[in-house]
Amino acid sequence: MARPFRFGVNLMSLAPADEWRSKCRRAEELGYDVILAPDHLGMPAPFPALVAAAEATERPRVGTFVLNAGFWNPALLAREVATTDALTGGRLELGLGTGYVQAEHETAGLPWGSPGERVDHLRRTVEELERLLDSEDHQPHPVQKRVPLLIGANGDRMLRLTAEHADIAAFTGARTRDGGALEPIAAEELDERVALYRKLAAGRAEPAELNLLIQIVTVTDDPGAAIQPWLSHIPHLTEQQVLELPIVLVGTLDDIVERVRAQRDRSGFSYLTVLEPNMEAFAPVIARLREA
């Protein structure tokens with residue numbers, strides 16, 4: 001039986017307190033289930049932003065999407081997680097990834113390392129966090145017995161780590177190129193990544209929730225025209241190939257709703273995240289899917 005849909009929005013722009021609270025309340029009004037914060041230099045610090053989001057709202061959970069593990073010492077991160085979970089009344093979901101922007105590490109004076117070293121560091125972080133937060137002796141202690149863990153992954157080693165530890169397996173629908181650029185992958189390659197994850201996770205007692213990050217959302221009767229501004233950013237793909245990318249939802253409301261349902265049936269993506277600029281555009285899709 002298919003999982004119920006959940007929808008998250010990643011709020012990336014800092015705002016004064018009243019404006020931030022208003023934005024979070026608007027996300028709640030539009031039907032979003034999770035209010036998320038990224039972990040990039042130049043964007044809001046995630047944990048205080050999430051505490052403020054929880055204070056301004058009643059229903060949505062809050063989460064990091066995703067923390068850059070290279071920025072964090074596991075013991076200090078455990079303190080942040082436990083404190084935030086307590087201050088939000090047990091509404092926290094913890095998203096972790098390796099980080100993909102080398103310039104941010106250099107600006108922060110932190111080592112970048114090889115891809116393998118970054119995965120190793122993330123594994124150590126996950127395992128130490130689990131050890132600390134599972135301990136009754138750790139203070140502060142989270143409200144939830146287990147803070148749900150989301151891991152953003154695409155490569156083989158990351159998918160193995162996700163299969164072993166994550167409650168939510170998040171797929172970016174893209175691969176990282178040198179310098180931190182993200183290159184979208186076609187549906188067939190994403191299918192292969194999901195299939196590998198399922199193989200690695202076959203022995204789990206409880207299946208993980210599958211998340212997909214949607215990059216572009218436009219409800220329109222003219223998808224060709226709507227996608228034109230994006231073509232120069234993905235010059236190796238044709239217009240039709242861009243429209244068919246799993247991380248792109250451009251078309252009529254009926255078409256987008258059908259695509260979302262088909263993706264859940266095909267790949268199991270029941271938890272969809274959109275970026276802040278698409279928060280309003282995606283709202284009619286949420287409303288239509290809630291009707292079913």
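Colleague: Which residues of helix H6 (residues 156–165) are buried?
Modeller: This is a predicted model, in which local features need pLDDT of at least 70, side-chain atom pairs count only at pLDDT 80 or more, and totals for chains, interfaces and linings use all residues. Residues are numbered from 1 along each chain as its sequence is written, and side-chain values use heavy atoms, without hydrogens and water. With helices (H or I, at least four residues) and strands (E, at least two) taken as DSSP runs numbered from the N terminus, and buried meaning under 20% relative accessible area with a 1.4 Å probe on protein chains only, the buried residues of H6 are Met158, Leu159, Leu161, Thr162, Ala163 and His165.

Colleague: What do the buried residues of H6 pack against?
Modeller: Two strands are among the partners, namely S6 (149–153) and S7 (168–171).

Colleague: How many aromatic pairs does the structure hold?
Modeller: Rings of Phe, Tyr and Trp (its six-membered ring) pair if their centres lie within 6.5 Å, with planes under 30 degrees apart stacked, over 60 edge-to-face and the rest tilted. By that rule, the number of aromatic pairs in the structure is five.

Colleague: Are the planes of Phe7 and Phe282 stacked or edge-to-face?
Modeller: Phe7 lies in strand S1 (residues 6–10) and Phe282 in helix H11 (residues 279–291), so the pair links distant parts of the chain, 275 residues apart. Both residues are buried, and together with Phe5 they form one aromatic cluster. Because their ring centres are 5.7 Å apart and their planes stand at 65°, the pair is edge-to-face.

Colleague: Which ring lies under the charged end of Arg118?
Modeller: A charge sits over a ring if NZ of Lys or CZ of Arg is within 6 Å of the ring centre and within 35 degrees of the ring normal. Arg6 is placed in this way over Tyr271, 4.4 Å from the ring centre. For Arg118 the distance to the ring centre is 3.8 Å, and the ring is that of Trp112.

Key: Buried < 20%, exposed > 50% of the residue type's maximum accessible area, 1.4 Å probe, protein only. Contact = heavy atoms within 4.5 Å.
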